[in-house]
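Please find my comments on this model below.

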Amino acid sequence: MKHNIYTILFIYFMLITNMFSQQDPMFTKYMFISDMMVNPASTGRGDKTKTAIFYRNQWNGVLGAPTTAGLSYEMPLSDGSAGIGLNLYQDKIGFETHSGFYVNYAYRLQLQKGITLSLGIKGGISFYQANLTDALTPEPQNFDPIFASNNKVVVPKTGAGIFLASSRTYFGFSVPVLAALIPNSNFVFNDDNAYLSRHFYATGGHIFDIPGTDLQLKPSIFLKYHKAAPLQLDFSAQLWYKDLFSFGLSYRTGDAISAITDIAISKQFVFSYAYDYTNSEFRNIGQGAHEFIITYLWAKKNVKVPSIHKFSTLPRF
């Protein structure tokens, strides 16, 4: 039997008044792609300007499965006491497309030697398009007016976050959508709608030296909460060797186990890859996910705020 996600999405649209969906793109290597997509307070951290190109293909082999591609750019300002960056991405699933363009700004306060508190805001526009006429319904011979036309909407949004970091430890908390302004459209939005309802994110991690070796271990956690969905946690652990490469594993509750690696191609270029093995019942329908990131970094001189990156090439958080 050929599995078709359009049938699943048909049921989704039939029940949309009582269901919620993921509004933000999901990544396994979210820190490498650009942590400011999750938390604007992390924008422009350290002494490097960074740009990244990324692509994720989820549920490989399923027609209409989610794919995400995009570009991020961020840089420190004012000798490291602030940072600015932008995110540009497109997230597709079935006949629905979500494109976003967001500008992020962070301001940092030196609490004490080696400990920095960052406050961040973000603002931008999301473009949603549902090509309902492309839907494959169970009974295509029976005309359904719901699928007679396509819908588009433009949604300006704002968000905020905080980020506390030392040279080895970090904690972050963010709400990517605090407010939104909805123009006239064919969509009806309210506070309970998945396009605008608030997601809450929390991150944390620490770097441990392994005595007698050039290895370091970095465990981290990523918490995602939405009132209409179960609490989800990502537990990750990566082993690092100098500034050359890292590898590790990640576990996402209720979803997948992931293998992750980062390789320094040169002092400026880093290649990252993650493979998700689905451990939920959905693995009977779709295979895992592939995630690719190419990052380019270059140093900005005269940065006074200490970097939370120990190595010159691989940004670990």
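1. Accessible areas here come from the Shrake-Rupley method with a 1.4 Å probe. On that basis the accessible surface of the chain comes to about 15,400 Å², and carbon and sulfur atoms account for 63% of that surface. The model is a predicted one, and the values should be read accordingly.

2. The chain contains 15 strands and 2 helices. Of its 317 residues, 48% are buried. Taking contacts between residues at least 6 apart in sequence, 56% join residues at least 24 apart.

3. In soluble globular proteins, nonpolar side chains tend to be buried together. Here the largest nonpolar core has 15 residues, and Tyr30 and Phe54 touch the most other members. Strands β1 (48-57) and β6 (151-165) are the elements that give two or more residues to this core.

4. Which residues does Tyr30 contact, leaving aside its neighbours within four places in sequence? They are Asp35, Val38, Tyr170, Thr203, Ile221 and Phe222.

5. Ser236 lies in strand β11, which spans residues 229-241. Is Ser236 buried or exposed? Its relative accessibility is 16%, and the cut-off for buried is under 20%, so Ser236 counts as buried.

6. The side chain of Ser236 makes a polar contact of 2.9 Å with the side chain of Ser250. Outside the four places on either side in sequence, the contacts of Ser236 are Lys218, Pro219, Ser220, Leu249 and Ser250.

How values were computed. Residues numbered from 1 in each chain as written. Predicted model: local features only at pLDDT ≥ 70, side-chain atom pairs only at ≥ 80, totals over all residues. Heavy atoms only, no water. Helix = DSSP H or I, 4+ residues; strand = E, 2+ residues; numbered from the N terminus. Buried < 20%, exposed > 50% of the residue type's maximum accessible area, 1.4 Å probe, protein only. Polar contact = N/O pair within 3.5 Å; in protein donor to acceptor, adjacent residues only side chain to side chain. Contact = heavy atoms within 4.5 Å. Core = buried A, V, L, I, M, F, W, Y, C linked by side-chain atoms within 4.5 Å.
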